[in-house]
Amino acid sequence: MIPDNDNLQELIIDFKKGGWITAVLGGLGMLARLILTDTKYNTWIWIRKIIAGGITGIICYFALYGLEIDSIYKSVLCSMSGAIAPELFEILRKKLIKRLSKI
(Lines give C-alpha, C1' and ligand atoms only; values in the text may rest on other atoms or scores of the structure.)
Protein backbone atom coordinates (compact mmCIF):
# COMPACT_ATOMS: atom_id res chain seq x y z
CA MET A 1 0.00 0.00 0.00
CA ILE A 2 1.43 3.36 -0.99
CA PRO A 3 1.06 6.00 1.76
CA ASP A 4 -0.75 9.17 0.85
CA ASN A 5 1.11 12.47 0.83
CA ASP A 6 -0.24 13.60 4.23
CA ASN A 7 0.94 10.43 5.98
CA LEU A 8 4.33 10.69 4.35
CA GLN A 9 4.71 14.31 5.45
CA GLU A 10 3.66 13.36 8.98
CA LEU A 11 6.25 10.58 9.00
CA ILE A 12 8.98 12.98 7.89
CA ILE A 13 7.98 15.57 10.49
CA ASP A 14 8.00 12.92 13.25
CA PHE A 15 11.41 11.71 12.08
CA LYS A 16 12.79 15.27 12.26
CA LYS A 17 11.30 15.77 15.73
CA GLY A 18 12.85 12.71 17.30
CA GLY A 19 13.03 9.74 14.97
CA TRP A 20 16.62 10.58 14.06
CA ILE A 21 17.60 9.30 17.49
CA THR A 22 17.15 5.78 16.11
CA ALA A 23 20.26 6.33 13.99
CA VAL A 24 22.12 7.24 17.16
CA LEU A 25 20.73 4.19 18.98
CA GLY A 26 21.70 1.90 16.11
CA GLY A 27 25.19 3.37 15.97
CA LEU A 28 25.57 3.11 19.75
CA GLY A 29 24.44 -0.52 19.64
CA MET A 30 27.20 -1.24 17.12
CA LEU A 31 29.72 0.79 19.13
CA ALA A 32 28.92 -1.21 22.26
CA ARG A 33 29.44 -4.42 20.35
CA LEU A 34 32.78 -3.22 18.96
CA ILE A 35 33.97 -2.20 22.43
CA LEU A 36 33.07 -5.60 23.86
CA THR A 37 34.80 -7.67 21.17
CA ASP A 38 38.38 -8.89 21.30
CA THR A 39 38.77 -8.57 17.53
CA LYS A 40 41.06 -5.74 16.46
CA TYR A 41 39.70 -3.45 13.73
CA ASN A 42 41.21 -0.34 12.21
CA THR A 43 39.45 3.02 12.54
CA TRP A 44 37.87 2.86 9.08
CA ILE A 45 36.17 -0.47 9.91
CA TRP A 46 34.81 1.02 13.16
CA ILE A 47 33.38 3.98 11.26
CA ARG A 48 31.81 1.76 8.59
CA LYS A 49 30.23 -0.56 11.14
CA ILE A 50 28.85 2.32 13.23
CA ILE A 51 27.38 3.95 10.10
CA ALA A 52 25.81 0.59 9.15
CA GLY A 53 24.31 0.45 12.64
CA GLY A 54 22.87 3.94 12.21
CA ILE A 55 21.37 3.13 8.83
CA THR A 56 19.83 -0.04 10.20
CA GLY A 57 18.41 1.93 13.13
CA ILE A 58 16.69 4.31 10.69
CA ILE A 59 15.30 1.41 8.67
CA CYS A 60 14.01 -0.08 11.91
CA TYR A 61 12.37 3.24 12.82
CA PHE A 62 10.44 3.35 9.55
CA ALA A 63 9.48 -0.31 9.91
CA LEU A 64 8.17 0.23 13.44
CA TYR A 65 6.63 3.66 12.86
CA GLY A 66 2.98 2.66 12.84
CA LEU A 67 3.14 -0.03 15.51
CA GLU A 68 1.44 0.60 18.82
CA ILE A 69 4.15 -0.61 21.21
CA ASP A 70 5.94 1.14 24.07
CA SER A 71 8.76 3.47 23.10
CA ILE A 72 11.26 1.53 25.20
CA TYR A 73 10.68 -1.57 23.07
CA LYS A 74 11.13 0.43 19.89
CA SER A 75 14.38 1.83 21.30
CA VAL A 76 15.66 -1.61 22.22
CA LEU A 77 14.77 -2.97 18.77
CA CYS A 78 16.58 -0.08 17.05
CA SER A 79 19.74 -0.46 19.12
CA MET A 80 19.74 -4.26 18.74
CA SER A 81 19.26 -3.95 15.00
CA GLY A 82 22.26 -1.63 14.93
CA ALA A 83 24.34 -4.16 16.82
CA ILE A 84 23.64 -6.87 14.24
CA ALA A 85 23.83 -4.52 11.25
CA PRO A 86 27.13 -5.84 9.81
CA GLU A 87 25.77 -9.37 9.58
CA LEU A 88 22.56 -8.12 7.98
CA PHE A 89 24.45 -6.13 5.37
CA GLU A 90 26.85 -9.02 4.71
CA ILE A 91 23.98 -11.46 4.16
CA LEU A 92 22.25 -9.03 1.79
CA ARG A 93 25.50 -8.35 -0.08
CA LYS A 94 26.21 -12.09 -0.55
CA LYS A 95 22.67 -12.74 -1.78
CA LEU A 96 22.85 -9.82 -4.19
CA ILE A 97 26.21 -10.93 -5.57
CA LYS A 98 24.94 -14.50 -5.94
CA ARG A 99 21.81 -13.33 -7.74
CA LEU A 100 23.72 -10.98 -10.05
CA SER A 101 26.23 -13.69 -10.95
CA LYS A 102 23.36 -15.85 -12.25
CA ILE A 103 22.25 -13.15 -14.67
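Visitor: If buried means under 20% relative accessible area, exposed over 50% and partly exposed in between (1.4 Å probe, protein chains only), which is Phe-62?

Guide: Phe-62 is partly exposed, because its relative accessible area is 39%. This is a predicted model, where local features need pLDDT of at least 70 and side-chain atom pairs 80 or more, while totals for chains, interfaces and linings use all residues. Residues are numbered from 1 along each chain as its sequence is written, and side-chain values use heavy atoms, without hydrogens or water.

Visitor: And Tyr-61, buried or exposed?

Guide: Tyr-61 is buried, at 14% relative accessibility.

Visitor: How many aromatic pairs are there?

Guide: One, counting Phe, Tyr and Trp rings (six-membered for Trp) with centres within 6.5 Å. Tyr-61 and Phe-62 have ring centres 5.4 Å apart and planes at 70 degrees, so they pair edge-to-face (over 60; under 30 is stacked, the rest tilted).

Visitor: New topic: which residues form the nonpolar surface patch?

Guide: Trp-44, Ile-47, Ile-51, Ile-55, Ile-59, Ile-84, Leu-88 and Phe-89, with about 750 Å² of accessible area together (Shrake-Rupley, 1.4 Å probe). Patch members have over 30% relative accessible area and no salt bridge (Lys or Arg nitrogen within 4 Å of an Asp or Glu carboxyl oxygen), and nonpolar side chains are joined within 5 Å.

Visitor: Which helix gives the most?

Guide: Helix 3, with five residues. Helix 3 (43–64) and helix 5 (85–102) each supply at least two (helices are DSSP H or I runs of at least four residues).

Visitor: Where does Ile-84 lie?

Guide: In the loop between helix 4 (71–83) and helix 5. Ile-84 is partly exposed, because its relative accessible area is 42%.

Note on methods: Patch = residues over 30% accessible without salt bridge, like charges linked within 9 Å, V, L, I, M, F, W, Y side chains within 5 Å.
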